[in-house]
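Visitor: I have a model to look at. Please take me through its fold and packing.

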Amino acid sequence: MTLSEKLQNLRRAAGLSQEQLAEQLGVTRQAVYKWEVGDSYPEAEKLIGIKRLFGISIDDLLDDSFDVIIEKPKKPA
C-alpha cells in the first residue's frame, strides 16, 4: 500500500475531508489532494503532523510493504 493510499484511507476513516485535514496540518487542500494521488509527498514536518494525528509511525507511512487496515465499527445487534 502506497503512502497516497494510506493517507486517503486514514483521512476517510477519521471522517475528515481533504480541506479539514489540510487545515489541521497547515497546508492547502490542493496539497492534500496531490499527496493522495501520488503527485507529491509531504515534507518531513507534515509527516510528523500526520503521524501524530493518526497515531501511525512515519516508518509505517513510508514503507509500501506495510498496509494500513481500517476496521469499520460494528453496528450493535
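Visitor: Among contacts in the protein chain between residues at least 6 apart in sequence, what percentage join residues at least 24 apart?
Guide: This is a predicted model, where local features need pLDDT of at least 70, side-chain atom pairs count only at pLDDT 80 or more, and totals for chains, interfaces and linings use all residues. Residues are numbered from 1 along each chain as its sequence is written, and side-chain values use heavy atoms, without hydrogens and water. Contact means heavy atoms within 4.5 Å. On that basis, the share is 56%.

Visitor: How many helices and strands are there?
Guide: Both are DSSP runs, numbered from the N terminus: helices are H or I with at least four residues, strands E with at least two. The order in the protein chain is α-α-α-α-α. The count is 5 helices and 0 strands.

Visitor: What is the orientation of α1 and α3 to each other?
Guide: Axes are lines fitted to C-alpha atoms, over the stretch in contact for helices, and angles run from 0 to 180 degrees between N-to-C directions. The two axes come within 6 Å and cross at roughly 125°. Under 35 degrees is roughly parallel, over 145 roughly antiparallel, 65 to 115 roughly perpendicular, and the rest oblique. Therefore α1 and α3 are oblique.
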